[in-house]
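Good morning, and thank you for making time for this item. I would ask you to keep the display in view while I go through the packing of one chain.

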Amino acid sequence: MRDISLADLNAIGGRSTLPIRRELVAAINKYRHQYDVDTPKRMAMFIAMIAPETGNFKKLEENLNYSAKRLRQVWPKRFPTMAKARQYARNPKKLANYVYGNRLGNKGHKDAGWLFRGSGPMQNTGRYNFEQVQKATGLPVLKQPELLRQPDAGTHAAFVFWRDNNLNSFADRGDVKGARKRVNGGYHGLKHSRSAYKKALSRFSKGASSKPASYKMRRELQPWHEKIKALGFDIQEPGRASPHNKDAVMAFQRQAGLKVDGIIGPNTKAAIDKAVAAVAQKSAPLPKQRPEEPKPVPAPIEPKEPDKPPQAQAAPKQPPLKPERSAKAPATVGTGGFLAAISALWAGIDPLWVLSLGAIVIVLAAAFWWFSDKGEE
């Protein structure tokens with residue numbers, strides 16, 4: 001659904017040079033997406049409802065300057081006689097306090113009927129309805145009710161009323177009569193609304209998709225809303241272009257030092273990604289260090305048990321063909337074994353002792369030779 005234009009309002013409500021027309025066009029286009037007024041049927045129904053309330057987009061304040069005759073037509077139960085009607089004829093403030101003073105949340109508040117008279121494109125009426133607008137938008141309309149008689153704030157209030165009364169559902173099924181009853185409390189202005197609806201729907205349906213643009217907007221907004229929510233900001237129902245979520249976006253923009261307009265544009269997107277990356281870096285786990293390989297632990301040396309004396313065994317029987325040998329008798333050794341035994345014996349002898357032994361042998365040999373030689377003589 002495209003934005004509406006001044007040409008649209010001129011075609012639906014007749015031409016006018018009043019500046020309020022342009023201001024209404026700007027305000028409607030500013031707030032309609034937040035309240036899902038984004039199909040030809042929904043926009044046509046919105047225009048059809050405000051057309052009789054604003055006198056075809058020319059005023060934003062309830063006209064209470066009635067004649068006595070007109071008073072009896074509008075409020076027959078309140079003015080059953082002409083005499084009663086004449087007391088309030090052409091006296092807007094007195095009339096407002098009389099017809100609204102004890103209802104719509106006005107009871108107990110001085111001049112509340114007049115202060116909270118019908119205001120804005122949807123003619124929000126009564127202190128209770130003004131209070132709902134203040135809660136939804138943050139506008140201080142309870143202390144400054146005249147704000148709703150201005151195009152921007154008044155249009156915002158009209159969309160709040162539209163949402164709170166589920167008027168999109170009436171628009172989707174084309175129920176002009178039901179919507180009129182919900183807005184007016186009766187059917188005053190029904191003929192006017194039907195005429196405006198037909199003209200508006202014809203203009204808005206040309207080349208337009210019947211699918212709400214809000215679906216596309218939600219797909220675009222959802223990932224950014226989820227990121228902002230992950231950063232700790234109060235996003236409710238990510239993807240919905242609601243005033244609450246807009247406030248959360250503005251809070252992020254304010255913290256990031258950006259232009260605070262509630263629009264998730266290129267600069268805001270870049271700041272969101274940067275903030276998310278910074279948070280992810282802080283919360284990333286440290287790289288795991290490779291555990292040191294355990295050093296081999298030597299196996300404990302078990303204490304050896306003392307050698308046990310060998311158990312007595314029966315002496316093996318010797319073969320009958322071989323003579324018995326003594327256990328201490330050396331076995332017959334070959335040449336190789338004899339030399340090995342000599343080498344082992346030699347290795348264990350002190351060389352000095354060998355020299356001394358050699359000298360003794362020589363002396364004994366010489367003595368033996370000498371004595372032998374003497375005996376022969």
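Let me begin with a term: a nonpolar core is here a set of buried Ala, Val, Leu, Ile, Met, Phe, Trp, Tyr and Cys residues that are joined through side-chain atoms within 4.5 Å. Please bear in mind that the model is predicted.

By that definition, the largest nonpolar core contains 39 residues. Those with the most contacts inside this core are Ile4, Phe46, Ile47, Met49, Met122, Trp162 and Phe204. Which elements give two or more residues to the core? They are α1 (6-13), α2 (19-31), α3 (40-53), α9 (151-164), α10 (167-172), α11 (176-184) and α12 (190-204). The largest share is that of α3, which supplies nine residues.

Trp162 deserves a separate remark. Setting aside neighbours within four places in sequence, tryptophan 162 contacts Val37, Arg42, Met45, Phe46, Met49, Met122, Leu167, Asn168 and Ala171. Two of these partners, Phe46 and Met49, are also listed among the core residues with the most contacts.

I turn now to helix pairs. The axes of α11 and α12 are 10 Å apart, and the two helices pack at an angle of about 130°. On the α11 side, the contact is made by Val176, Lys177 and Arg180; α12 brings Leu190, Ser193, Arg194 and Tyr197. By class, three residues of this contact are nonpolar, one is polar and three are charged.

The second pair is helix α14 (residues 243-256) with helix α15 (residues 266-283), whose axes come within 11 Å and cross at roughly 75°. Angles of 65 to 115 degrees count as roughly perpendicular, so α14 and α15 are roughly perpendicular to each other. Phe252, Gln253 and Ala256 of α14 meet Thr268, Ala271, Ile272 and Ala275 of α15. This contact has five nonpolar and two polar residues, with no charged ones.

Finally, consider proline 243, which lies in helix α14. Is proline 243 buried or exposed? Its relative accessibility is 9%, so proline 243 counts as buried, the limit being under 20%. Beyond residues up to four places away in sequence, proline 243 touches Gln34, Tyr35, Ala136, His156 and Arg163. Proline 243 and tyrosine 35 are 208 residues apart in sequence, yet their C-alpha atoms are 8.9 Å apart in space.

Note on methods
Residues numbered from 1 in each chain as written. Predicted model: local features only at pLDDT ≥ 70, side-chain atom pairs only at ≥ 80, totals over all residues. Heavy atoms only, no water. Axes fitted to C-alpha atoms, helices over the stretch in contact; angles between N-to-C directions. Helix = DSSP H or I, 4+ residues; strand = E, 2+ residues; numbered from the N terminus. Parallel < 35°, antiparallel > 145°, perpendicular 65-115°, else oblique. Contact = heavy atoms within 4.5 Å. Nonpolar A, V, L, I, M, F, W, Y, C, P; charged D, E, K, R; others polar. Buried < 20%, exposed > 50% of the residue type's maximum accessible area, 1.4 Å probe, protein only.
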